[in-house]
Amino acid sequence: MNNTQFANLQTTLEELTFVQLKRLRQHIEDMISSNHVGKAIAVHEEGVAECAHCGSQEFTKYGTTARGQQRYKCKVCGRTFNSLTGTPLSGMKKQDKWHQYSEGMWFTAKIREAASELGINVKTAWRWRHQLLSKPRQRKPSELHGIIEADETFINESFKGKRQLERPSRKRGVKSHDIPKVPVMLALDRNGAVTHCVLQRNTREELEKSLAPVLTPESVLCTDGNLSYQTIVKNLPFELDHKRLIAIDNQRVIDGIYHIQTLNNWMMRWKQWLRQFNGVGTDYLDNYIAWFRQMEQSQKDDSWVVLAL
Ligand SMILES: [Zn+2]
């Protein structure tokens, strides 16, 4: 369409009624959505290298799916698959709504609002959220370098999202210090790599299992005074410079650069963002860290549909 035609189209739009405009907006959003998602899937499709079921590289094209996607048939196991088989997107129906839903994940976390706006039910919206987060959750740096900050934080245990409660639900008015806390290990380096681990128990062993593998020689580890970190550093197969920032001495920064404030600020932003959910189920805590981590690292126009592939 050339510029004149486009200008004419805009003039014509002025004749529309309010209701027609709203219908048009919905239509345009659907079009953008299927374009965007379609593009992401097409790019992903180019990378199909093996059978989603058995991993064999011997497969042929085999018609298309109802959604118009290329289908393949494996010569070894005989099963069919498409480029989304085995990805979190394959379980999500209503492809035309994905883009809009995924856009919403940057701005509001209110599942009911998202559901009613898109005309999907709350359970579906909830399932999509966690499906879209399953890949970002696994996308953790395997190593941290340079100045590394590590710390633990504690989040109230919650059975939200569980079908059956393992114990009677808490009565209102229970004091916050009576609620069991779930320990979370967080570590980052100054290059922007962030990793985390939801721990089963608050023990040195658990902390070590999640932190030691990401530590690298010639780095400097900054922690608080927790003695566990001393043992973790001692147990490493290499020498590691360890700076303990002991708050009681009021010595929050060593040599002007060694501190854990980058991490503490990160945690503060995360906890503030987390507040909107009014408590998150412990089983899903991992996803809510990954979600925030991804938002801090991506651009706002990155689609969660693309991030989920
Ligand atoms: Zn196969």
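The largest pocket in this predicted model has a volume of about 680 Å³. Its lining comprises 20 residues, and those lying nearest the centre of the pocket are I111, V122, W126, K160 and G161. Two helices, α4 (111–118) and α5 (122–138), each supply at least two residues of this lining. The most is given by α5, with 5 residues. By residue class, the lining of the largest pocket divides into 8 nonpolar, 7 charged and 5 polar residues.

A search of the whole structure finds 6 salt bridges. One of these joins E149 and R190, with the closest N and O atoms 2.7 Å apart. E149 lies in strand β4 (residues 147–156), whereas R190 is in the loop between β5 (181–189) and β6 (194–198), so the pair ties together parts that are 41 residues apart in sequence. E149 counts as buried, at 0% relative accessibility, while R190 is partly exposed, with a relative accessible area of 33%.

R204, E205 and E208 are linked in a network of salt bridges. Between R204 and E208 the closest N and O atoms are 2.4 Å apart; the two residues are 4 residues apart in helix α6 (residues 204–211), and are therefore separated by about one helical turn. The salt bridge between R204 and E205 has an N to O distance of 3.6 Å. E208 is buried, with a relative accessible area of 15%. R204 is partly exposed at 26%, and E205 is also partly exposed, at 47% relative accessibility.

On the surface, M1, F6, L9 and L13 form a nonpolar patch, with about 400 Å² of accessible area together. Within this group, L9 is placed in helix α1 (residues 3–13) and is partly exposed, with a relative accessible area of 38%.

Key: Residues are numbered from 1 along each chain as its sequence is written. This is a predicted model: local features need pLDDT of at least 70, side-chain atom pairs count only at pLDDT 80 or more; totals for chains, interfaces and linings use all residues. Side-chain values use heavy atoms; hydrogens and water are left out. Patches are made of residues with over 30% relative accessible area and no salt bridge: like charges are joined within 9 Å, nonpolar side chains (Val, Leu, Ile, Met, Phe, Trp, Tyr) within 5 Å. Accessible areas come from the Shrake-Rupley method with a 1.4 Å probe; for residues, only the protein chains shown count as cover. A salt bridge is a side-chain nitrogen of Lys or Arg within 4 Å of a carboxyl oxygen of Asp or Glu. Buried means under 20% relative accessible area, exposed over 50%, partly exposed in between (1.4 Å probe, protein chains only). On a 1 Å grid over the protein atoms alone, a cavity is a set of points where a 1.4 Å probe fits but cannot get out, and a pocket is an open set with protein on both sides within 12 Å along at least five of seven lines; lining residues have an atom within 4 Å of a point. Grid points are joined across faces, edges and corners, and a volume is the space filled by probe spheres set on the points. Ala, Val, Leu, Ile, Met, Phe, Trp, Tyr, Cys and Pro count as nonpolar, Asp, Glu, Lys and Arg as charged, and the others, Gly among them, as polar.
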